Amino acid sequence: MSEIKFKGQALNYNVFILPIEEKQLTESGLDLTSNEDKNSKYKKGKVVSVGNLCPKNDDGENIVNVGDTIMYDRYKSSDLKQDFIIYHSVYFSDLIMIIKD
């Protein structure tokens, strides 16, 4: 899969996210993804752009960086379509957690 390039820069407290769709399969192979997605308030995604006013740590580095995998409140996101790819825009305060590998 080729790397997806976001064409733009988030401003202020906005963060742009590429949603990650996860398959929910039963042991017999039945796909429950659509039912799981409807019941889940939080979604997983990969950060593609961070606004210039988003909080920084004591060293002056962004708390959330491009490439981080995060969880965010799906009901507080807005869609942005760019080159047939749908990104989600959320405020920094609507990010729930950074997922550490």
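Here is a chat about the sheet, its strands and some of the side chains.

Me: Before we start, what kind of model is this?

Reply: It's a predicted model.

Me: OK. How many strands are in the sheet, and what's their order?

Reply: There are six strands in an open sheet, ordered 4-5-1-2-3-6, and the pairing is antiparallel. Strand 4 (78-82) and strand 6 (95-99) are the edge strands, each pairing on one side only. From one strand to the next, the twist averages 45°.

Me: Let's go through the pairs. What does strand 1 pair with on the strand 2 side, and over how many bridges?

Reply: Strand 1 (residues 14-19) is joined to strand 2 by five bridges, running antiparallel. Take Val15: its bridge partner in strand 2 is Val50.

Me: And how many bridges are there between strand 1 and strand 5?

Reply: Four bridges, again antiparallel, with strand 5 covering residues 85-91. Val15 turns up here as well, standing opposite Val90 in strand 5.

Me: Then how do strand 4 and strand 5 pair?

Reply: In the antiparallel sense, over five bridges. One spot to look at is Lys81, whose bridge partner in strand 5 is Ile86.

Me: What's in the turn of that hairpin, and which residue there takes a positive phi?

Reply: Two residues sit between strand 4 and strand 5 in the hairpin, and Asp83 takes the positive phi, near 50°.

Me: What are the bridge counts for strand 3 with strand 2 and with strand 6?

Reply: Strand 3 pairs with strand 2 over five bridges, in the antiparallel sense. Four bridges join strand 3 to strand 6, also antiparallel. As landmarks, Gly45 stands opposite Ile70 in strand 3, and Met71 stands opposite Met97 in strand 6.

Me: New topic, aromatics. How many aromatic pairs does the structure hold?

Reply: Two. One of them is Phe6 with Tyr87, which is edge-to-face: 4.8 Å centre to centre, with 80° between the planes. That pair links distant parts of the chain, since Phe6 is in the segment before strand 1 and Tyr87 is in strand 5, 81 residues apart.

Me: Which residues make up the aromatic cluster?

Reply: Phe6, Phe16 and Tyr87 form one cluster.

Me: Is Phe6 buried or exposed? And what about Tyr87, buried or exposed?

Reply: Phe6 counts as buried because its relative accessibility is 11%. Tyr87 is at 0%, so Tyr87 counts as buried too.

Me: Last one, the surface. Which residues make the nonpolar patch?

Reply: Tyr13, Leu53 and Tyr91, which together make a patch of about 330 Å².

Me: Where does Leu53 lie, and why does Leu53 count as partly exposed?

Reply: Leu53 lies in the loop between strand 2 (42-50) and strand 3 (69-73). Leu53 counts as partly exposed because its relative accessibility is 40%, and that label covers values between the 20% and 50% cut-offs.

Definitions and conventions:
Residues numbered from 1 in each chain as written. Predicted model: local features only at pLDDT ≥ 70, side-chain atom pairs only at ≥ 80, totals over all residues. Heavy atoms only, no water. Patch = residues over 30% accessible without salt bridge, like charges linked within 9 Å, V, L, I, M, F, W, Y side chains within 5 Å. Areas by Shrake-Rupley, 256 points an atom, 1.4 Å probe, with all protein chains shown as cover. Salt bridge = Lys/Arg side-chain N within 4 Å of Asp/Glu carboxyl O. Buried < 20%, exposed > 50% of the residue type's maximum accessible area, 1.4 Å probe, protein only. Pairing = 2+ DSSP bridges. Axes fitted to C-alpha atoms, helices over the stretch in contact; angles between N-to-C directions. Phe/Tyr/Trp six-rings, centres within 6.5 Å; stacked < 30°, edge-to-face > 60°.
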